[in-house]
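Please read the points below with the sequence and the structure open beside you.

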Amino acid sequence: MIRFRLDLSDLAATSFAYSPLQETVLSLRMWTDHARRFPVLRETFSKLLPVFDRLDHTLLTSLVARSRYWVPDFLTPRPHTSAPDIRHELDVLRATDPAVVGPGLEQTFLPLGEPVPARLADAWDDPSRLLADIADALEEYWEQCLRPVWWRRARAVLEADIAYRARVLVEGGADALFTGISSQLSWTEGMVAVERNSPRSSAPTDIPIDGRRLLLTPSCFADGVSTMLSSQALPHIVYGTRGLATLAERPEPPAARALERLLGAPRARLLTLLAEPASTTELAHRLGVTPAAVSQHLSILKAAHLLERTRHGRHIHYRHSALGAALCAPHLARNSDNR
């Protein structure tokens, strides 16, 4: 167990970010046996397999521990901004001190009873070269597999999750935030406790934040929560994002096409998302459009009595009215059957 100690100023400074480099590295789990943990993403990644096979996939897959799907800490440096550019993140990775590469690999594999993979151990005597090779392979993987189509959709999901979590923190406080993220997190008297997915039990490790800022980052490739393997690393918690099911590729059912013909594609998509309450900002993030565009469609749907609007603090949430729910029922029922 890891326990982060936060005083009032540390809690006030707690922030959120997403990281394209983190998602690139953690998505390598999809090319191992651990893909079964993320069934909604399998079809998407199966379509990327021909491209992935043309890359240095032996090096890429060797970065993931087989038994616990850990990855070395140095591959996922903590983001310095809330929405970093992957080119900057790759520059940070390339500038990593080569002296941490060997210990980082040992810390990832050896506690799990796994040897450091041969593809990595072969370059042990030249960690600078290995680091450069890994960064180049990750950049090529990003450019060829993830950036063209997948990242735009994934980024909208991650941004929507951050908007939601920030609202929970404002409206419900720290306990609602941390316990709402995962059952592996708890909040008691200024302490965030993280139940780690570790093969060995050990005494809790208490880590004071001491002004270093606790960072929370959602991921499409985390089931539960995780922290950095080293207790000396900057405080950082990675957790599974909400809304992952929206990234699943499903054939469009007839009910969806009928709804689109009736309302138009943007409003039909918006209406189906509102089976759960959401704000204009959250909807804009999920759809990858501007809040102004969402607001215009919401006004039309509200005027047609398809939505209800409620205020929560400073935020306005929209949700199906009874009429809107009835209109979406065939489409939502079909999607539920396909899950």
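**Note on the predicted model**

1. In this predicted model, residues 24 or more positions apart account for 71% of the contacts in the chain with a separation of 6 or more. A contact here means heavy atoms within 4.5 Å.

2. The chain contains 14 helices and eleven strands. Its radius of gyration is 22 Å, close to the 20 Å that the globule rule gives for 339 residues, so the chain is as compact as a globular protein of that length. Along the principal axes, the C-alpha atoms fill a box of roughly 70 × 50 × 35 Å.

3. Of the 339 residues in the chain, 46% are buried, a term that requires under 20% relative accessible area. The chain exposes about 16100 Å², and carbon and sulfur atoms supply 52% of that area.

4. The side chains of the chain include 39 that are positive and 38 that are negative. The centres of these two sets lie 9 Å apart.

5. Helix α5 spans residues 86-94, and its buried residues are Ile86, Glu89, Leu90 and Leu93. Seen down the axis of α5, these buried residues fall within an arc of 100°, so they line one face of the helix. Their packing partners are α2 (20-26) and α8 (127-146). The student may wish to find Glu89 in the display, as this residue belongs to the buried set of α5.

6. Helix α12 covers residues 280-287; its buried residues are Thr280, Glu282, Leu283 and Ala284. After α12 comes Gly288, which has a positive phi near 70°.

7. The last two points concern the backbone angle phi. Most residues other than glycine have a negative phi. Arg213 is placed in the loop between β5 (205-208) and β6 (215-219). With a relative accessible area of 25%, Arg213 is partly exposed, because that class lies between the limits of 20% and 50%.

8. His305 is another residue other than glycine with a positive phi, here near 65°. The loop between α13 (291-303) and β10 (307-312) holds His305. Is His305 buried or exposed? At 59% relative accessibility, His305 counts as exposed, since the exposed class begins over 50%.

Terms used
Residues numbered from 1 in each chain as written. Predicted model: local features only at pLDDT ≥ 70, side-chain atom pairs only at ≥ 80, totals over all residues. Heavy atoms only, no water. Helix = DSSP H or I, 4+ residues; strand = E, 2+ residues; numbered from the N terminus. Rg over C-alpha atoms; globule rule 2.2 N^0.38 Å. Buried < 20%, exposed > 50% of the residue type's maximum accessible area, 1.4 Å probe, protein only. Areas by Shrake-Rupley, 256 points an atom, 1.4 Å probe, with all protein chains shown as cover. Lys, Arg positive; Asp, Glu negative; His and termini not counted. Charge placed at Lys NZ, Arg CZ, Asp CG, Glu CD. Arc of directions from axis to C-beta.
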